[in-house]
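Here is a short report on how two protein chains meet. Read it with the model in view.

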Amino acid sequence: MYGSILLPTDGSDGASNATAHALDAADRYGATLHVLHVIDSSVYESYSGDEYVHEFEGLETGLTQSGEEALEDVAQRARDRGIAVETYLTRGEPHEEILRYATDNDIEVIVLGSRDRSGEYRRLLGSVTERVARMASQPVTIVKTSVE
Amino acid sequence: MPEEILVPYDGSPLSKEALKYTCAEFGAATITTLYIIDRETDKTASRGWGDHPGMWEEWLEDRNEHARELFEGAQQIADKYSVTLQTGVAVGRVPEMINKAAELYGSDLIIIGLHGQSRLEEILIGEVAKVVVRNATIPVTTVRETVNE
């Protein structure tokens, strides 16, 4: 029986089945659902500042806003079902932040979404899911959502 | 609530870890341990010129016997959680047969051990858990080896 479940979400459609799975599990076990959104620092840091400084600020603000929306969306669905929920927004390397949060908050299972796409593509990109599964001391449940 | 859980089991410490976790967390579900007879990775399989139909039959029988012994060990683990296991044996490539068995049994969750770091063997032949996750359509829970034991 789980007391605390961590759902890292990027708010994309790749996370939708994982979100449903995590909500069901939290509901069933009476667990607290922790929803985490990590703003990938490599995304906004890859834009060099100098003459585009305004765009740079705009990008980070935009990422923060969409992250907050993703968190609030899941939190609202949890509250509607009477599930205890906590949300957290942070910046950094996604897998590092997920692992750190899981350790700091005594998480018992991490539920990760994954887009169901060709293996080749993923092998080239590397995968947050795989890194988390390999490095987490907690069990990790990977729930896929098919995307074209 | 997962009702039909598939746990690939080969008697390795990692597969025992996955089974213990499954019994502890999902004792109320139907838990099926699956052993796969894989000619490509089984060290007892004959190679090349040694093959002929009679030997294949003998070898399969021997592997089935091995599976029965493994399942006795698995049931001993499950007994500690008062869980009665279902068992299954498949012949074929490991990751492929895990996903096929999950489909056949109508499993709603696969629970599988995952090494913290790839071993050389796994880099070469492709790691089972990784391939299972890639091809599965149902949720897969990966369980790591217990660090402090």
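Helices (H or I, at least four residues) and strands (E, at least two) are DSSP runs, numbered from the N terminus. By that rule, chain B has five helices and five strands. From the N terminus on, the order in chain B is β-α-β-α-β-α-β-α-α-β.

This is a predicted model: local features need pLDDT of at least 70, side-chain atom pairs count only at pLDDT 80 or more, and totals for chains, interfaces and linings use all residues. Residues are numbered from 1 along each chain as its sequence is written, chains are lettered from A and ligands numbered from 1 in the order in which they are written, and side-chain values use heavy atoms, with hydrogens and water left out.

**Chain B**

A residue is buried under 20% relative accessible area, exposed over 50%, and partly exposed in between (1.4 Å probe, protein chains only). Chain B has 149 residues, and buried ones make up 47% of them. Contact means heavy atoms within 4.5 Å. Take the contacts in chain B between residues at least 6 apart in sequence: 74% of these join residues at least 24 apart.

**Where the chains meet**

Chain A brings 21 residues to the contact, and chain B brings 24 residues. Buried area is the accessible area (1.4 Å probe) that two parts lose on being put together, summed over both. Between chain A and chain B it is about 1900 Å². Carbon and sulfur atoms give 45% of that area.

Between chain A and chain B, nine residue pairs are in polar contact, with both residues at pLDDT 80 or more. Strand 5 of chain A gives the most to the side of chain A that touches chain B: five residues.

**Strand against strand**

Two strands pair if DSSP finds at least two bridges between them. Strand 5 of chain A pairs with strand 5 (residues 140–144) of chain B in the antiparallel sense, over three bridges. Ile142(A) stands opposite Val140(B). Val140(A) stands opposite Thr142(B). Six of the seven residues of strand 5 of chain A are buried, so this strand is largely enclosed by the rest of the structure.

**Salt bridges**

A salt bridge is a side-chain nitrogen of Lys or Arg within 4 Å of a carboxyl oxygen of Asp or Glu. The count over all chains is twelve. Across the interface of chain A and chain B there is one.

| Residue one | Residue two | N to O distance |
|---|---|---|
| Glu130(A) | Lys130(B) | 3.6 Å |
| Arg134(A) | Glu130(A) | 3.2 Å |
| Glu61(B) | Arg68(B) | 3.2 Å |
| Asp62(B) | Arg63(B) | 3.3 Å |

Arg134(A) and Glu130(A) are four residues apart in helix 6 of chain A, so about one helical turn separates them. Is Arg134(A) buried or exposed? At 10% relative accessibility, Arg134(A) counts as buried. Glu130(A) is partly exposed, at 28%.

In chain B, Arg63(B) is buried at 9% relative accessibility, whereas Asp62(B) is partly exposed at 39%.

Note on methods. Polar contact = N/O pair within 3.5 Å; in protein donor to acceptor, adjacent residues only side chain to side chain.
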